[in-house]
Amino acid sequence: MTFPTSLSVRRWAGAVALVTGSLTLAACASDDPVPASGSAAEPTTKPRPSEQEPTREPSQQPTSESPPEPSTTVVPVYYVGDGPGGSPALFREFHRVTGDPLTEAARLVAGGGQPDDPDYRTLWPQVDLSVTYGDGVIGVDIPSDAFTERPDGMSERGAELAVQQLVYTLQGVQQERAPVQVTRGGAPARLFGLSTDAPFEQASPLRTLNLVNITSPAEGDTVRPGDSIAVTGVANSVEANVVCELLVDQAPVATKAFTAEGWMEDRLFPFEGVLPAPEAPSGEVTVRCSTDDPSGGAEGNGPSVDTKTVKVG
């Protein structure tokens, strides 16, 4: 879809894209590691001028040969945030990593970095993980005996969600719904009080993921005054209705209804649309998207919600 006025992003993260050729964002956009037929891939992020090879005048000669820059990959990482009624659910962010994508994504889950969105967190205390892939199985080895049982304050639901953080992340990176076998020093052992004798499978998306997740803009992206804001994400909402708002000082100044590519199935579906340009000449605005709630809160725990703070200036 071509938007009448494009989002001007001054961070690479706002133009989220899985790179390195074979990794297409279409699969992750639907929260399904297996590419879905008919899903449209996101555009590939172009490097900023500062990331490109500098040009030299013909008379200039390099004094020494510069080492090649390490290759980077954008990977999906799943974090925990508050779902309907405050119950925890998984949200997805994209992060650029250097090195083996599986290992680096696992490191981010296991306390090796911070989510961009302050509303998100990880349930993992910091621990080293090594990750391999072979014979259709993703192997994760924990070299220490840490976290054999649940830490203080972690419920069984929290333990299961922590494991699913890792499963969804690694399957998203691998682009395959491969089971995840966790070992300690090469042998099965308990993790957060859960048995690892059998590989962990992906749990139901509708029971595990927040039912709306904004992909772009990303937290902290910047738009120019007068530019509209292109919004993309994934959701599973009644009749595919997704309601997005633009908030200034937490008060809604614009509301648009977008339509996702589907609903009811056990997965999230891509949606996209455009919010009008913020009237504020500078400062911060919030993009807020939610699932439709025909009952007005009378039934269930209310809608699923995700927000992103965007800078204007």
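One aromatic cluster is formed by Trp124, Phe147 and Phe192. The model is predicted, with local features requiring pLDDT of at least 70 and side-chain atom pairs pLDDT 80 or more, whereas totals for chains, interfaces and linings use all residues. Residues are numbered from 1 along each chain as its sequence is written, and side-chain values rest on heavy atoms, without hydrogens and water.

Four aromatic pairs are present in the structure (rings of Phe, Tyr and Trp, the last by its six-membered ring, with centres within 6.5 Å; planes under 30 degrees apart are stacked, over 60 edge-to-face, the rest tilted). The planes of tyrosine 78 and tyrosine 168 meet at 55 degrees, with ring centres 5.4 Å apart, so this pair is tilted. It joins strand β1 (residues 72-82), which holds tyrosine 78, to helix α3 (residues 156-174), which holds tyrosine 168, across 90 residues (helices are DSSP runs of H or I, at least four residues, and strands runs of E, at least two, numbered from the N terminus). Both tyrosine 78 and tyrosine 168 are buried (under 20% relative accessible area; exposed is over 50%, partly exposed in between, with a 1.4 Å probe and protein chains only). Phenylalanine 147 and phenylalanine 192 also form a tilted pair, at 6.3 Å between centres and 40 degrees between planes. Phenylalanine 192 is buried because its relative accessibility is 0%, while phenylalanine 147, at 23%, is partly exposed.

Aspartate 119 occupies the loop between α2 (101-109) and β3 (130-134). With a relative accessible area of 44%, aspartate 119 is partly exposed.
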